[in-house]
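I opened this notebook to record what I looked up in one structure. The entries follow the order in which I consulted the coordinates.

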Amino acid sequence: DNNSAFGSKASWATYPKASISWVASEEPRVRTRLPAFVDDLRLRIAYGGSGQQPGVNTALRTLSPVAGPGGTTVLTNSTFGNPDLKPERVLGVEMGFEAGLWKDRVGVDFTFYSDVSHDAILSKPVAPSSGFGASNQFINAGQINKHGIELALKGQVINRRDYGWDMQFNLAAHTSKIIKLSGAPGDTSIDLGTAPPLGHRVGHSPFDFYTYDVVSATYDPVTKTAINPVCADAKGGTMPCFVPGTTNVQAPKVNFGHSLPTTEGSWASTFRYDRFRLYVMADFQAGFNKLDNNLRINCQLNSACIYSVWPAQHDPAVVAVVQNSGTLRDFFIKPASYTKWREVSLSYDAHESVARRLGAQSLAVTVSGRNLAMITRYTGIDPENSLGGQAGSIGLDQSEFPQLASFMISVRLSY
C-alpha cells in the first residue's frame, strides 16, 4: 500500500496474512469425544498485518488565509505536518472457535486476539518556536500492545409454532499498553493539552487522562476561599500543589483513567407470539471516564455552580479546584460507564386478507422507541457526548445535546 495520505518520505507498506480453520466436529476421532450437546465445532487461527492510514492532509504543512491590512488576504501558519508520517502497522494473532449446541439452538463465537502496533499514529504539541505552536503534529510513536476478547452468544430459548423467544448477547473487552514512544532516551510521555487533559505515557493506555490530583485544602471562612491545596505526589504521598507564593504547579500529573471504553456489549431479545413480535435491545460501555466541561465552565469560568455559590458546604479540595482558573480540573473528570435501553419495538403482521384489501401482499405495522432509559454514574449530560459529535474530541463532554428519546410508527406494505 502507498497511500497519498502518507508523508512524502514514507515508502510502501506491506501487510501479510495467513489463516487456517478446522471443522473439528467432522473429524470422526474428535466427534466421538465431544459431548452429545455439541453439534458443530470449528477452530480457527489467523496471523496477519493491517494498517491505518494517516488522516487526510495530516502529513502536509499547510497555511490558512486570514484578513490582512487594508482588507487584503494573507496566509498564516496552520498545520505543521510531518513528511516522515507512515501508516500505523498492526501485526497480530487471532484465535477462536465457533460452536453450535443443543441442535444449534445455542451458538457460541469466541475470539482472542493479540496485536502489536508499530509506528502508532499519535499527536503531540508543536513547539511555539516553530511558528506552528497552536497546532499538534501527528507522529509515528513506537509500539502499542493490545489484547482482547470478543464473545457472541445467540440462542433460541423457546421455539414453538405460535410463539418463541430468541436472545443474542455480544461482549468485547480489551487492554492496551504503550511500550515505547519514539524510542529516544527519556521519551516516555506526550501531553495533548488540557481540554480534555489527555496524554500518552509508556506503560499506560493511549489517550488516558492525566492531571493534578487535589487531595485536600483548607477552607477560609473569612474570604470564602479554599487555600493551600495539597496534591498527590505520584509516589504515595502528598505535596503542595503550587510553588509557595506563586501560581506555578509543582505537583506531577497522575493517571485519571481511560478516555476510551475498555468493555462494551449489547443484549437483544425477540419475543414472538402469533402475529406479534416484541424486540428489546440494550447496550453498555464501561471502563472509561469523561471530562464534564459543561460543569467546569459553569464552575471555573462563570462561578455559577453550587460549589462556587455555597463553598462552605462542600469539600475544600473540590472548592479549591472550582475556584481555580483552570489549571486544576481533576474534579470534573467523571466515571462515564453506562447501560442504555436503546430500542424497543412491537410489530404486528396483519392477516393476508387485510393486506389484499389494500392491494398488497403483506402488511406490517411497527411501533418503536429509541434511547428510552439510561443507568449511569455519570453526572454530566450524556456519557456518549463528544465535543464536535462522534467524530469530535474524545473524552470531552461540552456543548452537545444528548441523544434524544424518539418514537416512531411505521407501516410496511409489500406488493
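The entries below treat a surface patch, a helix and a hairpin in turn.

**Entry 1: surface patch.** I noted at the outset that the model is predicted. I then asked which residues form a nonpolar patch on the surface. I found Leu-358, Val-365, Val-367, Ile-409, Val-411, Leu-413 and Tyr-415, which together have about 700 Å² of accessible area. At least two of the patch residues come from strand E23 (362–376), and at least two from strand E25 (406–414). I recorded E25 as the source of the largest share, three residues. Tyr-415 belongs to the segment after E25.

**Entry 2: helix H2.** I next asked which residues of helix H2 (residues 293–301) are buried. They are Asn-293, Leu-295, Arg-296, Cys-299 and Gln-300. Viewed down the axis of H2, these buried residues fall within an arc of 145°, and they therefore line one face of the helix. In general, an α-helix has 3.6 residues a turn, so residues three or four places apart point the same way. I listed what covers the buried residues of H2; the cover includes strands E20 (289–292), E21 (333–335) and E24 (396–397), together with helices H3 (306–309) and H4 (316–322). After H2 comes Ser-303, with a positive phi near 50°.

**Entry 3: hairpin.** I turned to strands E3 (residues 63–67) and E4 (residues 73–77), which run antiparallel and are joined by five bridges. Pro-65 stands opposite Leu-75 in E4. The hairpin of E3 and E4 has five residues between the strands, and in this hairpin I noted a positive phi near 65° at Gly-70.

Conventions:
Residues are numbered from 1 along each chain as its sequence is written. This is a predicted model: local features need pLDDT of at least 70, side-chain atom pairs count only at pLDDT 80 or more; totals for chains, interfaces and linings use all residues. Side-chain values use heavy atoms; hydrogens and water are left out. Patches are made of residues with over 30% relative accessible area and no salt bridge: like charges are joined within 9 Å, nonpolar side chains (Val, Leu, Ile, Met, Phe, Trp, Tyr) within 5 Å. Accessible areas come from the Shrake-Rupley method with a 1.4 Å probe; for residues, only the protein chains shown count as cover. A salt bridge is a side-chain nitrogen of Lys or Arg within 4 Å of a carboxyl oxygen of Asp or Glu. Helices (H or I, at least four residues) and strands (E, at least two) are DSSP runs, numbered from the N terminus. Buried means under 20% relative accessible area, exposed over 50%, partly exposed in between (1.4 Å probe, protein chains only). The arc is that of the directions from the helix axis to the C-beta atoms. Contact means heavy atoms within 4.5 Å. Two strands pair if DSSP finds at least two bridges between them.
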